[in-house]
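Thank you all for coming; I would like to walk through one structure with you this morning, going from a single residue out to the packing around it. Please bring it up on your screens, and keep the sequence beside it.

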Amino acid sequence: MRNTLLFLKNKSATYNSDTKFYRWSLMNPIQARKDELLACQVIEAEIPKTYYNVNSTNNVFSYRASINNNGQTVLHTFDLTLTIRNYSAVDLATQINNISNSTHAGINCTFDNQTGKITIILSALSANTTIDGAVFTGINTCNRLIGFVSTTSKTQSGLSGLILEGDRIVDLNLTNNVYIETDLLLESRNTRGEKSGILAKVQMDGAFLSLVHYQTAHNIPIELGNKDTYLDHIDLRFVDDNDVSVDFNGDNDFSITLLFNYIKRDKLLLGEDVITEQYKPFIDTINTGDSCDEYSDNEI
C-alpha cells in the first residue's frame, strides 16, 4: 500500500480568525490515482496546554437575591465578570467575595478543599432585613466552573442569612480533550452521531503551560470522501469538549504528523467490468436465449 507522511508545523500555517482553521498549502499535492481513495490519520502531535480555564464562554457570575426590608421586597443582583485567565478554586471564591455589598445584603464565598465545593452565603446587613431567596440569573455562565447547575435556587422566610452549597465539585478544567478537526468529509461521528471532520482526540492531561505529546496507539486510518482525492492544502482546527475553538493565547508552537494511505477502490464503485472468465459461459447462455430452448411456448 502506498502512503505519504505529512509533517505540519504551526509556523508554516495561515490562521483564519473567522473559521478558526489553520491552513497549510502543499507545494507537492497529495493525489490518489484513478483506482485509489485516500485515508488519513493523526499518528503524533505536540499541543501546548496554554488555554485558560476561564474565557469569554464561562466568565460571568450573576446571582440575584430577594431581600425583605421592613416588609418591602427588594431584588438585588450580585454581578461579576471574571478577567480571562487561569483560576484556582480559591481564586474564584476570592473574586466572588470581592463583589460589593448591596444596601441591605452582603455576599461571602468559601471553598472547602475537602469536599471540593464552593459555598455562597448571603447575609442581611440590618435588623429589619431578611433574605427570602436567591437564584442564578439567565446571564450567568460560570455554573460548571463553580459547581452549580443553572437552575439552582433557594427560598426561605424570615431568616437573616442564606447558605447555598454547590451541587457538584468545582470543575476547573475547561476541557478534558482537544479534538483535531479537518474540513474534509470523513467517516467519523461526533457524540451526537453526526458526520464530522474529527481526525483525533487528544487527552490534555498535562499541567498548565506544559506541552502535551500524543501518539496514536492504533493503526486505524479514516477514509476520506470519494471526491477528496487531490489535496493541495490541509485545513485543521482545534476544538474542546463543547465544540468551541481552543484559544492557545498566542503563537505557541504545535506540530502534527498526518499519515495518508492510498487504498484501492472497489471495482463496482469504479463502474468497471467485473465479469471474470468463470462467469462468461453463463452470461453467454443468457444472452443467446439457449436457457429457454427446452420449453415450448405452450408449456410456458
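A strand, as I use the word here, is a DSSP run of E with at least two residues, and the strands are numbered from the N terminus. With that in hand, and bearing in mind that what you are looking at is a predicted model, let me begin with S62, which is found in strand β5, covering residues 60-69.

Is S62 buried or exposed? Its relative accessible area is 1%, and because the limit for buried is under 20%, S62 counts as buried. If we leave aside the neighbours within four places in sequence, S62 is in contact with T77, F78, D79, V135, F136, T137, I139 and N140.

A search of the whole structure finds 13 aromatic pairs. Among them is the pair of Y15 and Y22, which is tilted, with 4.7 Å from centre to centre and 45 degrees between the planes. Y15 is partly exposed, at 40% relative accessibility, whereas Y22 is buried, with a relative accessible area of 15%. F136 and F148 form a tilted pair as well, at 5.2 Å centre to centre and with 55 degrees between the planes. This pair links distant parts of the chain, with F136 in strand β9 (residues 129-136) and F148 in the loop between α2 (143-146) and β10 (153-155), 12 residues apart. F136 is buried, with a relative accessible area of 6%, and F148 is buried too, at 1%.

Returning to the tyrosines, Y15 and Y22 belong to one aromatic cluster together with W24, F238, F248 and F254. There are also arginines placed over rings: R2 lies over the face of Y262, at 3.9 Å from the ring centre, and R85 lies over the face of Y87, at 4.2 Å from the ring centre.

In soluble globular proteins, nonpolar side chains tend to be buried together. Here the largest nonpolar core has 38 residues, and those with the most contacts inside it are V42, I47, I180, I234, F238 and L258. Several elements give two or more residues to this core, including β1 (2-9), β3 (22-31), β12 (177-182) and β18 (230-239), while β4 gives the most, with five residues. Not counting residues up to four places away in sequence, F238 touches Y22, I47, V178, Y179, I180, V244, S245, V246, F248, F254 and I256. Apart from this core lies another, of 31 residues, among them A89, I131, A134 and V170.

Finally, the cysteines. How many disulfides does the structure hold? The number is zero. For C109, the reason lies in the distance: the closest cysteine sulfur, in C142, is 9.6 Å from the sulfur of C109, which is too far for a bond, because the cut-off for a disulfide is within 2.5 Å. C109 counts as buried, at 2% relative accessibility, and C40 likewise counts as buried, at 3%.

Definitions and conventions:
Residues are numbered from 1 along each chain as its sequence is written. This is a predicted model: local features need pLDDT of at least 70, side-chain atom pairs count only at pLDDT 80 or more; totals for chains, interfaces and linings use all residues. Side-chain values use heavy atoms; hydrogens and water are left out. Buried means under 20% relative accessible area, exposed over 50%, partly exposed in between (1.4 Å probe, protein chains only). Rings of Phe, Tyr and Trp (its six-membered ring) pair if their centres lie within 6.5 Å; planes under 30 degrees apart count as stacked, over 60 as edge-to-face and the rest as tilted. Helices (H or I, at least four residues) and strands (E, at least two) are DSSP runs, numbered from the N terminus. A charge sits over a ring if NZ of Lys or CZ of Arg is within 6 Å of the ring centre and within 35 degrees of the ring normal. A nonpolar core is a set of buried Ala, Val, Leu, Ile, Met, Phe, Trp, Tyr and Cys residues joined through side-chain atoms within 4.5 Å. Contact means heavy atoms within 4.5 Å.
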